[in-house]
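Hello! I hope they are handy while you look through it.

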Amino acid sequence: MRRRLPGTVSAAGSWVERHALGLVAAATAAILLVVFYFPVATVFVEAVVVDGRVTAAPLVDVLTSEFYLVDILWFTAYQALLSTVASVVLGLPAAWILARFEFPGREALRSLTILPFVMPSIMVAIGFVATFGRNGTLNTVLRALGLPTVELLFTLPAIVIAHAFYNAPLVARVTTAAWESVDASAIETARSLGASPTRAFYDVVVPQLRPAVAIGATLTFVFTFASFPIVLALGGFQLATVEVFIYSRIQSLAYSEAAALAAVETVISLGLTYLYLRYEGRQRGDSQGANPESRRRLWPSSWTLREVGIRTVIVGYGVVILAVFVVPVASMVLTSVTGGGGLTLEHYLFLVERQQTGASYQVRPLPAVRNSLLFGAGTLLVAVPMGVVLAVLTTRRFRGRAAIDALTMAPLAVSGIVVGLGLLRGLVFGVEVLGTRIRVTGAVAVVAAHAVGAYPFVTRSVAPLLGNLDARLVESARSLGATRVRALVDIELPLVAAGVVAGAAFAFAISIGEFDSTIVLAEGSSSYTMPVAVERYLGRRLGPATAMGCLLLAVTSLSFVVIERFGGRYGGRGGF
């Protein structure tokens, strides 16, 4: 039998166990400081330091230049505003249908509202190119009907519609949750006092939906303000937003200019995210203990003129949904297997041929798939422990918890381009520490960027479950002699395992689909990924790009199934 030395191993082990949570939290904070706050700080420093001299010239140029203010910043805000309006207009009817009607497949449709968090945006862009391109699905149908064709690529409407595809499900998801929590007794009280159904809706339901709509709209504006691959693919440099122009400046090695724009964009995004967090917290507090209305059958038992009108509206909305949400994905799949007037596998064969004969400088599919999977696995190893630890911290009661919560969620407000630029100028180019130049390049830098974008989703998948656990479970364990860490490992984490799995699936899907930071940090065949390969193929041939996009769709679909299986059943997506 192995024996412990009295007063040595047991004492050390006891000390480690008592302070393990604090030590892991400190390690998490150090990682976050190195891979997020230091790179972002590097961007802000480069915005005011040129050739070793402090100057406000880059920021002044951005804030006083008509080109930057009107052509870049104003256009970015304008397209984000239009995209937000389109997303709300498309999302609200979906929320109404999901919240107020019962029908087969309702839960499946509701599950699809999680897609904006797992579907790669470059894949959305490919779908819209396949739909609205000169030889896309739309123009093919128009030609078959003898109608004139349209040219929507590289136009603002194409960008707005694609953003609505990506963000309307988010608006629907947030608003559906709020609609289902509307107190039915309040509506009944209004009706008993003589209010008509319409009056009761505007006086009772609308005020309770307004915060949720504001949350969805704010998040949509933040996401579309910082949208990159969709604008790059559908708008190009002639419709450049802040993100696209930052990328063009990085390509031109104009780092001070890129940093100044990135700093302005980050300040705007952080401000909007602060408003979002305030609204979200208020809505969560207001929705406790609601008595929701019962849902009606989609197919009524008796038909009246009003019921016919409602169902006609629903059918019309269904047609719009098919056109906006189903057709782009179907067009991508169809384009990948068609060519020369019929079905073909030539685009997939092109990928096989490129893999076998492609030069070292060309994008080959297998390294892209391998890199994506390896980076996804690396992201899991970093993001899941970080996310779980921060979920534990943000569900504990202590002074400054709100500040910690805001600081840990900051990566949601900072775009991948900004993080990529900061990592490039900081860790990739190297930083002097005690006379030694430390550099982090290649796969490590890419995984660091992916983990920064992924861990908040782990936190927000686990934290709601931890917050809902009965505190008496931990108290009982502590009274029996268990340390705080032992109670966490033996009792709390097993009970929230579904949230951890859902968060891990989120992290993996986000890593697989991450494009913004990857395209900045990727170095040749050693670090380009499937989204980067899709973009590179798109610049040359649409067919191979759609074939690569279908491979990307297959991988992210598996992540969606895991999220739905665990997060949907046990509420692990409560933070979203």
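1. Where is the place of Thr-556? Thr-556 belongs to helix H25, which covers residues 542-570. Helices here are DSSP runs of H or I with at least four residues, and strands are runs of E with at least two, numbered from the N terminus.

2. Before going on, a word on the ground rules. This is a predicted model, in which local features need pLDDT of at least 70 and side-chain atom pairs count only at pLDDT 80 or more, while totals for chains, interfaces and linings use all residues. Residues are numbered from 1 along each chain as its sequence is written, and side-chain values use heavy atoms, with hydrogens and water left out.

3. Back to Thr-556, which is buried at a relative accessible area of 5%. Buried means under 20% relative accessible area, exposed means over 50%, and partly exposed is in between, with a 1.4 Å probe and protein chains only. A polar atom of the Thr-556 side chain lies 3.0 Å from the backbone oxygen of Leu-552, and for the backbone oxygen of Leu-553 the distance to a polar atom of that side chain is 3.1 Å. Leaving aside neighbours within four places in sequence, Thr-556 is in contact (heavy atoms within 4.5 Å) with Val-118, Pro-120 and Ile-512.

4. Now the aromatic rings. The structure holds 18 aromatic pairs. Rings of Phe, Tyr and Trp (its six-membered ring) pair if their centres lie within 6.5 Å; planes under 30 degrees apart count as stacked, over 60 as edge-to-face and the rest as tilted. For Phe-128 and Phe-132, the ring centres are 5.5 Å apart and the planes are at 40°, so this pair is tilted. Both residues lie in helix H6 (residues 121-132), four residues apart, which is about one turn of the helix. Phe-128 is buried at 1% relative accessible area, and Phe-132 is buried at 11%.

5. Phe-128 also pairs with Phe-165, edge-to-face, at 5.6 Å centre to centre and 80° between the planes. Because Phe-128 lies in helix H6 and Phe-165 in helix H8, this pair ties together parts that are 37 residues apart in sequence. Phe-165 is buried too, with a relative accessible area of 6%. Ring pairs link Phe-128, Phe-132, Phe-165 and Phe-325 into a cluster.

6. Phe-325 brings us to helix H14, where it is one of the buried residues. H14 runs over residues 305-336, 32 residues in total, and reaches 45 Å from its first C-alpha to its last, close to the 46 Å expected. That expected span is 1.5 Å times one less than the number of residues. A kink of about 45° lies at Val-326, shortly before Pro-328; the bend is the angle between axes fitted to the seven residues ending at a residue and the seven starting there. Pro-328 is also among the buried residues of H14.

7. Two backbone angles deserve a look. Most residues other than glycine have a negative phi. Phe-154 has a positive phi of about 60° and is found in the loop between helix H7 (137-144) and helix H8 (156-180). Leu-253 has a positive phi of about 65° and is found in the loop between helix H12 (242-251) and helix H13 (255-286). Phe-154 is partly exposed at 43% relative accessibility, whereas Leu-253 is exposed at 58%.

How values were computed:
A polar contact is a pair of N or O atoms within 3.5 Å; within protein, one must be able to donate a hydrogen and the other to accept it, and residues adjacent in sequence count only if both atoms are side-chain atoms.
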